[in-house]
Amino acid sequence: MGRIALLLAMILMPVLSWAINPEPVNPEAPVSKELKKQLLGTPVYIQIFKEERTLELYGKIGNEYRLLDSYRICNFSGGLGPKRREGDFKSPEGFYSVKLNQLKPDSHYYRAINTGFPNQFDRDNGYSGKYLMIHGDCKSIGCYAMTNAYMDEIYTYVNAALRNGQEEVSLGIFPFRMTDSNMQRHRYSTYASFWRQLQPGYAYFAKYHQPPTVNVTGSGQYAVNSSPAVMTAPDAASKSFLALSQAK
């Protein structure tokens, strides 16, 4: 019996390991420090991953968004899952946008960027809350807290992009990197159906390196565009090729 039990354990171990551990993701390497400095003022995009405690800042080069830097999230509260009501101490998940009036340079928590919660999806589903921020000072109740040094850099790039003509900065907040194996790992979660609405936005950016265009349907669900935006400026293609060549 002992040998049979040992044999079964050896067979099942890889399966159990796969179920517990997410599939490895090779993160994109950030651009060089020199290029990063030159890209101050370019349009930006932000992704947040709760489980990995990571905020990623992307900058536009040509017609693609490339990783400028990745930052460790100091603190957030409430675990995985969307924020649903004021006082639940949850940090939001979903698709948000940041305009210039959402920047708080004199925040009590160093500097802050209002996520825009509640958005149309949240309101349609009866979710409530306010002042959900990305901010400094490493303290959080429903917000995403960064070190002051990290927050200073993130704020600087978002502020420069908006003042340089970007109308709004898209912000994708995900519970984890939404690979197929991670979705499988969390398939029994209370939030599984909600997360299936978010995955297309994650997959879209991973495929096209452009922020997804997201709408909210009449039934109060996220709907993500399925094809990339087309460049319309006559010289856009040549500028994109030049910028990407310089980046490499």
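**Exercise 1.** Which side chains meet in a salt bridge at 3.7 Å, N to O, and where do they lie?

*Solution.* The structure is a predicted model. Step 1: the side chains of glutamate 28 and arginine 66 form this salt bridge, at 3.7 Å from N to O. Step 2: glutamate 28 is in the loop between helix H1 (2–20) and helix H2 (33–38), whereas arginine 66 belongs to strand E3 (residues 64–72), so the pair ties together parts that are 38 residues apart in sequence. Step 3: buried means under 20% relative accessible area; arginine 66, at 17%, is therefore buried. Glutamate 28, at 28%, counts as partly exposed.

**Exercise 2.** Determine whether lysine 50 and glutamate 93 are buried or exposed, and locate them.

*Solution.* Step 1: the side chains of lysine 50 and glutamate 93 meet in a salt bridge of 3.0 Å, N to O. Step 2: lysine 50 sits in the loop between strand E1 (44–49) and strand E2 (54–61), and glutamate 93 in the loop between E3 and strand E4 (94–98); the two are 43 residues apart. Step 3: both lysine 50 and glutamate 93 are buried.

**Exercise 3.** Describe the surroundings of asparagine 114.

*Solution.* Step 1: asparagine 114 is part of strand E6 (residues 112–114). Step 2: its relative accessible area is 13%, so asparagine 114 is buried. Step 3: the side chain of asparagine 114 reaches the backbone nitrogen of glycine 116 at 2.9 Å. Step 4: leaving aside residues up to four places away in sequence, asparagine 114 touches Val98, Gln102, Tyr131, Leu132 and Met133.

Notes
Residues numbered from 1 in each chain as written. Predicted model: local features only at pLDDT ≥ 70, side-chain atom pairs only at ≥ 80, totals over all residues. Heavy atoms only, no water. Helix = DSSP H or I, 4+ residues; strand = E, 2+ residues; numbered from the N terminus. Buried < 20%, exposed > 50% of the residue type's maximum accessible area, 1.4 Å probe, protein only. Polar contact = N/O pair within 3.5 Å; in protein donor to acceptor, adjacent residues only side chain to side chain. Contact = heavy atoms within 4.5 Å. Salt bridge = Lys/Arg side-chain N within 4 Å of Asp/Glu carboxyl O.
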